[in-house]
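Open the model in your viewer and keep the sequence panel beside it. The stops below say what to select and what is found there.

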Amino acid sequence: MENILANIELWLNYIVEICTVVLEMLGVIVLVFTAVKGFVQWIKHKATLRLDLAQGIALSLEFKMGSEVLRTVVVREWAELGILGAVILLRGLLTFLIHWEIKNEEKAISQKK
């Protein structure tokens with residue numbers, strides 16, 4: 001029975017690590033895509049550049065935060081959990097600030113029309 005539980009735990013660690021890497025990679029892909037799209041919009045002088053950039057960054061941060069939350073499943077020590085908690089807190093704060101910026105930018109765009 002102990003051997004079965006050890007194997008299940010090992011597989012869980014592998015699955016969590018793979019999913020964490022996939023989520024991190026998706027966050028990076030979204031961020032790079034947003035940066036390229038933002039550069040193109042900057043060249044074209046589009047008015048919605050800041051809004052689109054903020055939305056892309058927020059989505060990227062959501063993927064990255066999802067990977068951090070998933071990583072808490074395999075944490076073994078309190079020190080690791082503390083560091084992970086701080087990272088999640090900082091990313092959550094950044095997400096909150098970006099959503100605030102999105103709301104203000106949407107208000108500014110709607111007032112211009």
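**Stop 1: a nonpolar patch**

Select Leu10, Trp11, Tyr14, Ile15, Ile18, Val22, Met25, Leu26 and Ile29: these residues make up a nonpolar surface patch with about 880 Å² of accessible area together. Accessible areas come from the Shrake-Rupley method with a 1.4 Å probe, and for residues only the protein chains shown count as cover. A patch is built from residues with over 30% relative accessible area and no salt bridge, joining like charges within 9 Å and nonpolar side chains (Val, Leu, Ile, Met, Phe, Trp, Tyr) within 5 Å.

Before moving on, note that this is a predicted model, in which local features need pLDDT of at least 70 and side-chain atom pairs count only at pLDDT 80 or more, while totals for chains, interfaces and linings use all residues. Residues are numbered from 1 along each chain as its sequence is written, and side-chain values use heavy atoms, with hydrogens and water left out.

Helices (H or I, at least four residues) and strands (E, at least two) are DSSP runs numbered from the N terminus. Isoleucine 15 is partly exposed because its relative accessible area is 45%; buried means under 20%, exposed over 50%, and partly exposed in between (1.4 Å probe, protein chains only).

**Stop 2: the aromatic pairs**

How many aromatic pairs does the structure hold? There are two. Rings of Phe, Tyr and Trp (its six-membered ring) pair if their centres lie within 6.5 Å; planes under 30 degrees apart count as stacked, over 60 as edge-to-face and the rest as tilted.

Show the side chains of tryptophan 11 and tyrosine 14. Their ring centres are 6.2 Å apart and their planes stand at 85 degrees, so this pair is edge-to-face. Tryptophan 11 and tyrosine 14 are three residues apart in helix α1, and therefore about one helical turn separates them. An α-helix has 3.6 residues a turn, so residues three or four places apart point the same way. Tryptophan 11 is exposed, at 56% relative accessible area, whereas tyrosine 14 is partly exposed, at 41%.

Next, select phenylalanine 39 and tryptophan 42, an aromatic pair that is tilted, with 5.8 Å from centre to centre and 35 degrees between the planes. Both residues are in helix α1, three residues apart, or about one turn of the helix. Phenylalanine 39 is partly exposed at 46% relative accessibility, and tryptophan 42 is exposed at 53%.

**Stop 3**

Go to glutamate 24, in helix α1 (residues 2-44). Is glutamate 24 buried or exposed? Glutamate 24 counts as buried because its relative accessible area is 16%. Leaving aside residues up to four places away in sequence, glutamate 24 touches Lys64, Ser67, Glu68, Arg71 and Arg91, where contact means heavy atoms within 4.5 Å.

Now look at charge. The structure holds eight salt bridges, each a side-chain nitrogen of Lys or Arg within 4 Å of a carboxyl oxygen of Asp or Glu.

- Glutamate 24 and lysine 64 form a salt bridge at 2.4 Å, N to O. The pair links distant parts of the chain, with glutamate 24 in helix α1 and lysine 64 in helix α2, 40 residues apart. Lysine 64 is buried, with a relative accessible area of 16%.
- Arginine 71 and glutamate 24 form a salt bridge at 3.9 Å, N to O. Arginine 71 lies in helix α2 and glutamate 24 in helix α1, so the pair ties together parts 47 residues apart in sequence. Arginine 71 is partly exposed, at 29% relative accessible area.
- Arginine 91 and glutamate 24 form a salt bridge whose closest N and O atoms are 3.9 Å apart. Arginine 91 lies in helix α3 and glutamate 24 in helix α1, so this pair ties together parts 67 residues apart in sequence. Both arginine 91 and glutamate 24 are buried.

Select Glu24, Lys64, Glu68, Arg71 and Arg91 together to see a network of salt bridges.

**Stop 4: helix α3**

Finally, select residues 78-112, which are helix α3. This helix has 35 residues and reaches 51 Å from its first C-alpha to its last, close to the 51 Å expected at 1.5 Å a residue; the expected span is 1.5 Å times one less than the number of residues. Colour Leu84, Arg91, Thr95, Ile98, Ile102, Glu105 and Ile109, the buried residues of α3. Their cover includes α1 and α2 (49-71).
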